[in-house]
Amino acid sequence: MPQRRQHQLNRKTLETNITVDLDIDGDGSSQINTGVGFLDHMLSSLTKHAGWTLALACEGDLYIDDHHTAEDCALALGDCLNKILGERKGIQRFGHAYVPLDEALVRAVVDLSGRPWPAVNLHFNRPQIGQLATENIVHFFQSFAVSLKAAVHIDEIKGDNDHHKAEAAFKAFARALKEALKTTGSEAIPSTKGRLG
């Protein structure tokens with residue numbers, strides 16, 4: 001039986017205290033509590049469509065605003081996944097997905113290269129969705145890419161409804177990650193350099 005790819009970590013700063021328990025060979029179930037309802041919803045959707053099992057809890061300085069919570073949850077989750085991948089042996093490395101949600105359509109492309117490069121093009125009409133600032137949706141993906149050390153391209157192709165665009169982005173990112181994280185049955189590092197990063 002292959003070894004499960006999972007990791008637990010705690011990330012504590014003066015702004016947030018986050019615990020993450022991630023299994024990327026999971027069943028899509030999640031227990032998420034960030035204190036920001038829409039972020040919880042997006043992380044649950046990410047978990048479901050990536051096929052992970054995730055428990056994530058965050059105590060953040062929400063009396064200031066949602067920025068530190070969104071950013072630090074992304075950094076913690078990306079770091080946890082980075083630690084699971086290690087040298088990144090035996091994975092597909094690349095993944096992409098197009099996901100529609102009614103009128104919205106978003107494309108996500110991922111390269112688990114070991115080199116961070118966030119390119120996120122999402123355009124929102126309103127300043128927030130629920131308690132989450134829409135600028136922090138973009139910043140979440142940027143922070144995740146940096147912490148994961150991956151090239152992440154997320155592009156809004158079309159859409160009008162901000163909730164639909166955000167949710168399509170998280171689902172597309174999830175599906176692209178799921179493809180990139182697939183095992184190949186080899187212990188080789190998927191690079192002509194002989195290493196990633």
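The legends below describe close-up views of a predicted model.

Residues are numbered from 1 along each chain as its sequence is written. Because the model is predicted, local features need pLDDT of at least 70, side-chain atom pairs count only at pLDDT 80 or more, and totals for chains, interfaces and linings use all residues, while side-chain values use heavy atoms, with hydrogens and water left out.

**View 1. The sheet β1-β2-β4-β3.**
Four strands form this open sheet, and the pairing is mixed. Helices (H or I, at least four residues) and strands (E, at least two) are DSSP runs, numbered from the N terminus. Two strands pair if DSSP finds at least two bridges between them. The edge strands, each pairing on one side only, are β1 (6-12) and β3. On average, neighbouring strands of this sheet are turned by 5° against each other, direction ignored. Axes here are lines fitted to C-alpha atoms, for helices over the stretch in contact, and angles run from 0 to 180 degrees between N-to-C directions. Helix α1 lies across β3 and β4 and runs at about 160° to β3. Helix α2 lies across β1, β2 and β4, at about 35° to β2.

**View 2. Strand β4 and its partners.**
Eight bridges pair β2 with strand β4 (residues 53-60) in the antiparallel sense. Across this pairing, Asp-21 stands opposite Ala-55 in β4, and Leu-22 stands opposite Leu-54 in β4. Strand β3 (residues 30-33) runs parallel to β4 and is joined to β4 by four bridges. Here Ile-32 stands opposite Leu-56 in β4. From β3 the chain crosses through helix α1 (residues 37-50) to β4, and this β-α-β crossover is left-handed. A crossover is right-handed if, with the strands pointing away from the viewer, the path from the first strand over the helix to the second runs clockwise.

Thr-16 lies in strand β2 (residues 16-23). Thr-16 counts as buried because its relative accessibility is 2%. Buried means under 20% relative accessible area, exposed over 50%, and partly exposed in between (1.4 Å probe, protein chains only). The side chains of Thr-16 and Asp-72 make a polar contact at 2.6 Å. A polar contact is a pair of N or O atoms within 3.5 Å; within protein, one must be able to donate a hydrogen and the other to accept it, and residues adjacent in sequence count only if both atoms are side-chain atoms. Leaving aside residues up to four places away in sequence, Thr-16 touches Arg-11, Cys-58, Glu-59, Gly-60, His-68, Thr-69 and Asp-72. Contact means heavy atoms within 4.5 Å.

Strands β6 (residues 104-111) and β10 (residues 151-158) run antiparallel and are joined by seven bridges. The bridge partner of Ala-108 in β10 is Ile-154.

One aromatic cluster is formed by Phe-140, Phe-141, Phe-144, Phe-170 and Phe-173. Rings of Phe, Tyr and Trp (its six-membered ring) pair if their centres lie within 6.5 Å; planes under 30 degrees apart count as stacked, over 60 as edge-to-face and the rest as tilted. By this rule the count comes to six aromatic pairs. Phe-140 and Phe-144 form a tilted pair, at 6.0 Å centre to centre and 50° between the planes. They are separated by about one helical turn because they are four residues apart in helix α3 (residues 134-148). Both Phe-140 and Phe-144 are buried. The ring centres of Phe-141 and Phe-170 are 4.6 Å apart with planes at 45°, so this pair is tilted. Phe-141 lies in helix α3 and Phe-170 in helix α4 (residues 162-180), so the pair ties together parts 29 residues apart in sequence.

**View 3. Two loop residues with positive phi.**
Arg-88, in the loop between α2 (67-85) and β5, has a phi near 65°, a positive value in a residue other than glycine. Arg-88 counts as buried at 3% relative accessibility. Asp-102, in the loop between β5 and β6, has a positive phi of about 55° although it is not a glycine. Asp-102 counts as exposed at 63% relative accessibility.
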